[in-house]
Amino acid sequence: MTASDRKPIVTVQQHILQDQRKFPGASGEFSWLLSGVTLATKMIQAKVQRAGLSDILGEFGNVNVQGEIQQKLDVYANEVLHHNLSVRESIGILASEENEKPITIKHATPDAKYAVIFDPLDGSSNIDVGVGVGTTFSILKRPENADYHDVDRWLMQPGTKQVAAGYVVYGSSTILVYSVGRGVHGFTLDPAIGAYVLSHEDMRMPEQGKYYSVNEANRDSFSAGYQKFLDNLRHGLNGKRYSSRYIGSMVADVHRTLLKGGIFLYPPTAENPGGKLRLLYEASPIAFLVEQAGGIATDGFRRILEIEPTSIHERTPMAVGSRVEMEELARCLKES
Ligand code: P6P
């Protein structure tokens with residue numbers, strides 16, 4: 001195969017610019033904004049892949065706003081994202097899982113249009129055991145009639161208002177998956193050239209999968225509807241048998257579900273009766289991507305993207321997956 005036969009390399013920056021050119025009025029500011037995420041996640045990846053080799057392993061000792069012991073990599077990832085994003089003039093607010101309150105970015109130009117809400121390192125409790133972790137991000141535009149400092153108006157918007165969302169999964173390879181509402185695209189980091197290269201164009205979730213993903217240790221505290229659903233999966237749906245896959249890192253579990261189909265769910269439990277996953281920077285961006293890829297994302301009853309947030313760190317039950325499994329879940333929950 002000669003060089004001319006090979007498909008051209010498309011980096012994420014090229015892809016965004018090509019995509020934006022198709023839509024009049026889109027300015028290059030979004031590609032500049034997203035370059036802050038790509039640079040930060042390359043820096044995070046460089047640390048994650050060496051976590052076992054440097055003194056960065058182990059706990060940082062502090063407890064974050066979630067009451068979770070901060071791993072050193074959480075702190076590093078949070079700082080790197082704040083540093084790279086706060087220099088983008090189009091960003092006015094940054095909100096992070098690691099910070100109790102959002103940060104308003106002081107710019108020379110107060111006309112910043114975007115807020116970026118992120119979980120710098122989801123699944124970080126898995127870092128010390130070499131399991132995949134991830135970064136999630138959600139981008140909201142300042143509402144027309146909200147002024148620059150109206151943080152609540154800017155952040156307390158339902159997921160349908162997201163202008164973009166994505167994640168980076170740091171696993172056997174590092175893959176950035178994002179959407180601006182025109183399909184979902186995946187880019188694999190090529191360490192040889194230090195660029196995210198298009199590897200999964202226009203990702204579509206299969207109608208039905210063969211994996212279900214849930215922490216079965218919580219089964220006894222699931223409602224009867226969830227327990228019935230899981231029993232039905234074990235007996236097979238439409239004649240299809242299922243296997244259980246649960247990594248314990250949402251981004252890694254969702255990435256597999258996006259690619260292979262099936263379902264990932266974190267139902268209400270005795271310990272987390274309102275669900276464990278956070279709405280604004282976990283459930284919402286994931287739901288945006290899943291729907292863009294043809295899947296369904298609910299809290300068991302409501303579309304995740306239609307939930308009106310009331311606080312930055314609020315949690316929600318979450319189920320995301322292929323149409324067949326999600327419709328079966330809805331049926332079981334409705335009948336219970
Ligand atoms: P459990 C990681 O701490 C996380 O927030 C998600 O990434 C993951 O899906 C979930 O919690 C795992 O929670 O209770 O099953 O250990």
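Mentor: Strand 13 (263-266) and strand 14 (277-278) each supply at least two residues of the shell around the ligand. Helices (H or I, at least four residues) and strands (E, at least two) are DSSP runs, numbered from the N terminus. The model is predicted, so local features need pLDDT of at least 70 and side-chain atom pairs count only at pLDDT 80 or more, while totals for chains, interfaces and linings use all residues. Residues are numbered from 1 along each chain as its sequence is written, and side-chain values use heavy atoms, with hydrogens and water left out.

The ligand is surrounded by 13 residues, and the closest are Asp122, Asn215, Tyr246, Met250 and Tyr266. Some polar distances can be given. From an N or O atom in the side chain of Tyr246 to an oxygen atom of the ligand it is 2.5 Å. A polar backbone atom of Met250 is 2.8 Å from a ligand oxygen, and a polar side-chain atom of Lys276 lies 2.9 Å from one. A polar contact is a pair of N or O atoms within 3.5 Å; within protein, one must be able to donate a hydrogen and the other to accept it, and residues adjacent in sequence count only if both atoms are side-chain atoms. On its own, the ligand has 400 Å² of accessible area, and the protein covers 81% of that. Such areas come from the Shrake-Rupley method with a 1.4 Å probe; for residues, only the protein chains shown count as cover.

Met250 leads on to helix 6, which spans residues 250-260. This helix is mostly covered, with 9 of its 11 residues buried. Buried means under 20% relative accessible area, exposed over 50%, and partly exposed in between (1.4 Å probe, protein chains only). Among the buried residues of helix 6 are Met250, Val251, Asp253, His255 and Arg256. Asp253 has a relative accessibility of 0%, so it counts as buried. Leaving out neighbours within four places in sequence, Asp253 is in contact (heavy atoms within 4.5 Å) with Ser213, Arg245, Tyr246, Ile247, Gly248 and Phe264. Tyr246, then, is among the contacts of Asp253 and among the residues closest to the ligand. Just after helix 6, Gly261 has a positive phi of about 85°.

Asp122 leads in another direction. Strand 5 takes in residues 114-122, and because 9 of its 9 residues are buried, it is largely enclosed by the rest of the structure. Two strands pair if DSSP finds at least two bridges between them. Strand 3 (residues 91-96) and strand 5 run parallel and are joined by 5 bridges; in one of them, Ile91 has Tyr114 as its partner. With strand 6 (residues 133-141), strand 5 pairs in the antiparallel sense over 7 bridges, and Asp119 stands opposite Thr136 there.

The cores come next. In soluble globular proteins, nonpolar side chains tend to be buried together. A nonpolar core is a set of buried Ala, Val, Leu, Ile, Met, Phe, Trp, Tyr and Cys residues joined through side-chain atoms within 4.5 Å. The largest has 36 residues, and those with the most contacts inside it are Val116, Leu121 and Phe137. Helix 2 (residues 29-48) gives the most to this core, with 7 residues. Not counting residues up to four places away in sequence, Leu121 touches several residues, including Ile44, Val48, Leu73, Val133 and Tyr170. A second, separate core has 30 residues, among them Met250, Val251, Tyr266 and Val320.

Note on methods
A residue is near a molecule or strand if one of its heavy atoms lies within 4 Å of it.
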